[in-house]
Amino acid sequence: MIEPAPLEQKIAEFDVRVAFESPETLPHFDALLPQDFTQGFDRGIGLHAEEIDAIAADPAEPDFDNTILAMERSGRALSRIASLFYALAGAHTNDDLQTVERTVSPQLSRHSSRITLNAALFARIDHVFARRADFGLSPEALRLLERTHSSFVRSGAKLQGEARERLSDINARLAELGTQFSQNVLHDERAFARPVEEADLVGLPGFLLSSMRDAAEERGLTGHVVTLSRSVIVPFLTFCPNPALRTELFAAWTRRGEMDAAHDNRPLITEMLSLRAEKAKLLGFESFAHYKLDDTMAKTPANVEALLTRVWERARDAALRDAETLRALAADSGANAPFTAADWRYWSEKRRHAEFAIDESALKTYFTLDRMIEAAFDVANRLFGLRFEPLPGLKVWHPDARGWRVLDRDGTARGLFIGDYFARSSKRSGAWMSALRSQHGIDGGQTPVIYNICNFAKPAKGEPALLSVDDARTLFHEFGHALHGLLSDVTYPSLAGTAVSRDFVELPSQLFEHWLDVPEILERHARHAVTGEPLPQTEADKLKAARTYDAGFNTVEYTSSALVDLLFHQEGTAPADPMAREREILDGLGMPAEMVMRHRSPHFAHVFSGDGYSSGYYSYMWSEVLDADAFEAFEKTGDAFDPETARKLRDFIYSAGNSDDPALLYERFRGRAPDPDAMMRKRGFAA
C-alpha cells in the first residue's frame, strides 16, 4: 500500500501553472482555463481545510507557534489561486469566468465560516490569547494574536448551535449576492453602446472622438458610440452641446444596475440589507453599521455621521450657490430648458473656462499617461528611494498590462509592479489596487507583486494616451495604494500592506495625490505630448487657483453617497423599500435638485459588491482628515520631499501595515493626533 503524500508535498505539487517560478515571473495566465480555476479552488480549499484540521487537532498544548503562526503558514495554495482568479475577474473577465465566480464565491464564504466557527481551533486561539503575557511575544506577534482573536470573535466563534449555522448561511448568501450585484453592473456597462450621429460630434475634443471611435470598433460597430465607461461618459457629458442627448445618456449612466429585470440589483439590495441586519443581531450588535465600525478608527456610527454632517452643510451651501451661477450662465447663453443634473458638467466646464481660462481639452495634452506614470515613480524615488525598471517581456493577463521591477534605495528587490490602465469591455469599471502576492517575512519571506487597474480612454494606435487632471489624480491615488503594498515590511502575512482598518487604508493613497500638484513635479513631467514643452506657469497657476473649483459639487456627490450607505446600515432593521429609503434620506438632507449621488444604490459597487466598504464609504473622508494633516507636515518644513518627514512617513505609514493601532502609527509619524480642520482647509470650506 502506498502511503498518502504528506500535506507539505501535496502543497508543493499544487498546479505549477499558478506558481511564481521566480521573484520576477508571473504564473501563465494564457495557459489557465476556467475549469482550471474550478479545479484549483476545489484543491486549494481542500488543502487549506486539511491544514486547519491539523492545527485544531494538534495534541500539543496551544502556543503562538503551533497555533497562530501555523495558521499564518496555512492556505497558501488557496491564496495563490484566488489572487490570480480575482485579478482576471476584475481586469479581463468573460462569461465562463463569471460562471466560475458565481459558483466559487459562496464556496469560499462557507470555507471561511468553517474555519472561524471551528470550535476546537478557536479554543486553541482563545487559550493562547488568555495566556498571551506568558509567551514573551514581540509587539508585532502580540498584535497578530490580538487581531486573530478579535477576527474570530467578530466572525461568530462564540456563537452556539443554530446561530452558528445561520451565520454561515448568511455569509454564503451575501457572497453570492455580492457577486451577482457586481456582474449585473458589468453587464449594463458592457451592453450599452449609443451610436452618435455626425452632427452631434461637432465641438467634441479629439481625445473623446478617438475614444468613442475605438469603443465602436471594439464592439464591431462603425462610427462613434458612447459607452458607460467613465472615461467616455464623463467627458461626453462635459463637452456635448446637445442637451437632449446629455439627458438621455445621463439617465442611462445613473440607471446602471436597474436597466432590465434580468439584471436588476434593487431586489438584491433589499435582501443584502436584511441579511446584514440579521448578521449584526446574531453577533450582538445594534446594527450592521455598529458591527462594522466597532473595528475601525471611527468606532461608532455617531462619530461618522458627525463628520459627514459637518462637511455636508458647508458643501451643500457651496453647491447651491454654484447651481444658481450655472443656471444663470445657461440662461444667458440661450438655454431655455430647466437646468438639471445632466447639465451640470457641461455648464461647469463653460464656467471654469470663463473664470480660469482653463481649456480641459488643451490641458490634457500636457498630461500623457506615460509621463504621469514617470511622475508617480519620480515621487516614490524622491520620498522613499524606490526605482522602477521596466520588464517589457513580462506576460500579464492582457497585452495592455505592463510590469516593472521595483528596487529599494540600496538596490535590493522590493517586488514587482503591474499597471493595467486602459478601459475595455472585459474590465470592471473604476480603479483599484490589489496584490497577486503580498509581502511577508516568515519562512524566508517573499516580495510582493502589486497591481493597479484603471479605466482611462485608450488612444488611437500610435497616439499618446491623454489624461485629464482628474485621471492623473486617480493614477496617483491608486499608486499610493500600490506603494502601501510594495513598501510593506512586516513579518506576518495577515498584517501586511493594505490589511489595515477601512478608514485608514485610504490615507497612503489620498496622501500621495498631493505630490501631483508639487511645482517641481508638474514642471518636470507635465509636458506637451507633441512639443515636449513644460506646462506653462500661467496654466499651472490657473490649476492652483481652481484647485477647489466645484468642491461643493464634488463633496455633495460623495457625502450623499456616504450618508446613504451609513443610514442604510445604521438602522436595526432593513428598509422594506431601499429605493424609497434612499429618496427619503436625500430629501431629509436637502439634496440639491440639480445633483445626484456619486453612486446610486443599484450600482454602488463599493457597498454591495461585497462587504468591503459597506458602512464604510465614509472612510475616504475620514482618511482625508489624515492626508490633509499629513501633507501639512511636509509643507511646514518648506520641502515637499523633506527627508526626515519622508523617513517617518515610510516607517510608520507605508511600511507598517497593521503592525499596530492605526491611531498610534499616525501619532508616531505626525507627533500628535490629526487636526480635523486640515480637511476643511484642503476643500476650501474652512470657516
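Q: How far apart do the end C-alpha atoms of residues 237-684 lie?
A: In this predicted model, residues 237-684 correspond to a feature that an unreviewed UniProt entry names "domain: Peptidase M3A/M3B catalytic". The span is 51% helix and 8% strand. Its end C-alpha atoms are separated by 26 Å.

Q: Why does the length of helix H18 agree with expectation?
A: Helix H18 covers residues 469-486, which is 18 residues. At 1.5 Å a residue, these should span 26 Å.

Q: How many of the residues of H18 are buried?
A: A residue is counted as buried when its relative accessible area is under 20%. By that criterion H18 is mostly covered, and of its 18 residues the buried ones number 14.

Q: Which helix supplies the largest share of the lining of the second largest pocket?
A: The second largest pocket, with a volume of about 400 Å³, is lined by 21 residues. Helices H7, H14, H25 and H27 each contribute at least two residues to this lining. The largest share is four residues, and it comes from H27.

Q: How many residues of the lining of the second largest pocket are charged?
A: Among the residues nearest the centre of this pocket are Trp 622 and Pro 662. The lining as a whole comprises eleven nonpolar and four polar residues, while the charged residues number six.

Q: What is the radius of gyration of the protein chain?
A: The chain contains 28 helices and seven strands. For 687 residues the globule rule gives 26 Å, and the chain comes close to this, so it is as compact as a globular protein of that length. Its radius of gyration is 25 Å.

Terms used:
Residues numbered from 1 in each chain as written. Predicted model: local features only at pLDDT ≥ 70, side-chain atom pairs only at ≥ 80, totals over all residues. Heavy atoms only, no water. UniProt positions renumbered as here; feature names shortened; annotations may be inferred. Expected span 1.5 Å × (residues − 1). Buried < 20%, exposed > 50% of the residue type's maximum accessible area, 1.4 Å probe, protein only. 1 Å grid on protein atoms, 1.4 Å probe; cavity = no way out; pocket = protein on both sides within 12 Å on 5 of 7 lines; lining within 4 Å. Points joined across faces, edges and corners; volume = space filled by probe spheres on them. Nonpolar A, V, L, I, M, F, W, Y, C, P; charged D, E, K, R; others polar. Rg over C-alpha atoms; globule rule 2.2 N^0.38 Å.
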